[in-house]
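Visitor: I'm new to this one and would like to learn how to read it. Could you walk me through it, feature by feature?

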Amino acid sequence: MSLDALTDLEKQALAELAACADEAALRAWNTKYFGDKGLMKAALSKIGTIPKEQRAAYGQEANRVKVALTTASEAKQAQVKEAALAASLSANPLDVTLPGRPRPRGRLHPATQILRQVYAIFADMGFQVYRTREVETEQYNFEYLNMPEHHPARDMWDTFFTTTPGVVLRTHTSPGQIHVMRESAPNPVRVILPGMCYRYEAITPRSEIQFYQVEGLAIGEGITMADLKGTITAFAHRMFGPDRKVRIRSSYFPFTEPSIEVDIDWPKDDPNRDRLTKGTGWLEIMGAGMVHPTVLRHGGYDPDQVTGFAFGMGPQRMLMLQHAIDDIRLFWQNDLRFLRQF
Ligand code: FA5
């Protein structure tokens, strides 16, 4: 075989390749040139029979032709495939047999879910939702709530101070009481005030530095401690079921008199019960009491005319009690394995 024969072989193969219209034709072309008995293979296997002085030139040319044909056939293959796909798409634009593409669905954060449960229960009892600010003055966060400067009770609510003197991130939703009273006095009030609170304190499985509270406030003529206890008990039974135990203890807050705290019993069969409840079996969910006369006065009411009750509850602790969640830090960690369970 001569160099000319190689050039002819290349020309012929390229012309035939160009004429291939589909994959079957391409396969036949491949067999003809690169199959076991293919023409290109035969040309390559002849290298050994070429006279020595022409062998190098022949070998080089044979390899060049081989590479050229391989490259051309790959390009043609891609082109044919694309044409076949385009033809099938235009003939059959919708493939109903393809499985659908699932869209990841979002959901409400568990903290939002529990807040909505709280709203629904209090809405049934005639409480309106009222929103107040997260950044407060010391006056609202402490003073109007009967905690003047240097009052030792301020230690219970250590907080984050902003760079503006006297402006703090609120430590509880109770300053909202003053805002509502000042807007509503002398009319009766029945509201809940949900929102984020901040405290500079040690983070533990039960306490975060950022957490939700829901404040409650009812003011009117003749409201008594019995109304407070009835409201809280009705709420707890709706939230946790009628069989769950509610414990009311006496306590102290400067802005209520008398003051109480409310505990719910931790699920009995949960192995973490002792750890979460410090061995008592109870977890505190709220502080409450009868609004202190001084606070009523700061709100614009006459304590000789009206009385009122107030409470401040921790909705995240309630979700913990519902599902025996053993660490409040899970709420803000954004671990999908936790969030997806709600
Ligand atoms: C108060 O904050 C009072 N303002 C409650 C109150 C309102 C009393 C109206 C009387 C009248 P206390 O610090 O105990 O009280 O918090 C109330 C509830 O908020 C707690 O029972 C708990 O459920 C929740 N809570 C308090 N601190 C944290 C914290 N660091 N992390 C998560 N939840 C908390």
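Guide: Gladly, starting with a term: a disulfide is a pair of cysteine sulfur atoms within 2.5 Å. In general, a disulfide is a covalent bond between the sulfur atoms of two cysteines. Before we apply that, note that this is a predicted model, where local features need pLDDT of at least 70 and side-chain atom pairs count only at pLDDT 80 or more, while totals for chains, interfaces and linings use all residues. Residues are numbered from 1 along each chain as its sequence is written, and side-chain values use heavy atoms, with hydrogens and water left out.

Visitor: How many disulfides does the structure hold?

Guide: Zero disulfides turn up here.

Visitor: Are Cys20 and Cys197 buried or exposed?

Guide: Buried means under 20% relative accessible area, exposed means over 50%, and partly exposed is in between, using a 1.4 Å probe and protein chains only. Cys20 is buried, with a relative accessible area of 9%, and Cys197 is buried too, at 0%.

Visitor: Next, the strands. Which order do they take in the sheet?

Guide: The general idea is that strands of a sheet pair through backbone hydrogen bonds, either parallel or antiparallel. Helices (H or I, at least four residues) and strands (E, at least two) are DSSP runs, numbered from the N terminus, and two strands pair if DSSP finds at least two bridges between them. Here, seven strands form an open sheet in the order 1-4-5-9-8-7-6, with mixed pairing. Strand 1 (128-129) and strand 6 (246-253) stand at the edges with a single partner strand each, so one side of each has no neighbour in the sheet.

Visitor: What does strand 6 pair with, and in which sense?

Guide: Strand 6 runs antiparallel to strand 7 (residues 256-265), with seven bridges between them. Look for Ile248, which stands opposite Val262 in strand 7.

Visitor: And strand 9, how many of its residues are buried?

Guide: Six of the seven residues of strand 9 are buried, so call that strand mostly covered. Strand 9 pairs with strand 5 in the antiparallel sense over seven bridges, and Gly220 has Thr307 of strand 9 as its bridge partner.

Visitor: How do I read a pocket, and what is the volume of the largest pocket?

Guide: Rolling a probe the size of a water molecule over the atoms shows where empty space is left. On a 1 Å grid over the protein atoms alone, a cavity is a set of points where a 1.4 Å probe fits but cannot get out, and a pocket is an open set with protein on both sides within 12 Å along at least five of seven lines; lining residues have an atom within 4 Å of a point. Grid points are joined across faces, edges and corners, and a volume is the space filled by probe spheres set on the points. The largest pocket has about 860 Å³. Its lining counts 42 residues, and Arg199, Gln213, Glu261, Glu284 and Arg317 lie nearest the centre. Elements giving two or more residues to that lining are strand 5 (210-220), strand 6, strand 7, strand 8 (282-291), strand 9 (307-313) and helix 11 (315-323). Strand 8 supplies the largest share, seven residues.

Visitor: What classes of residue make up that lining?

Guide: Ala, Val, Leu, Ile, Met, Phe, Trp, Tyr, Cys and Pro count as nonpolar, Asp, Glu, Lys and Arg as charged, and the others, Gly among them, as polar. The lining of the largest pocket has 16 nonpolar, 14 polar and 12 charged residues.

Visitor: Which residues line the second largest pocket?

Guide: Among them are Arg105, His109, Pro110 and Leu339. This second largest pocket holds about 160 Å³ of space, with four nonpolar, two polar and three charged residues in its lining.

Visitor: Last stop, the backbone. Where are the cis peptide bonds?

Guide: One joins Ala185 and Pro186, with omega about 5°, and Pro186 lies in the loop between helix 7 (175-184) and strand 4 (189-198). Another joins Glu257 and Pro258, with omega about 0°; Pro258 is found in strand 7.
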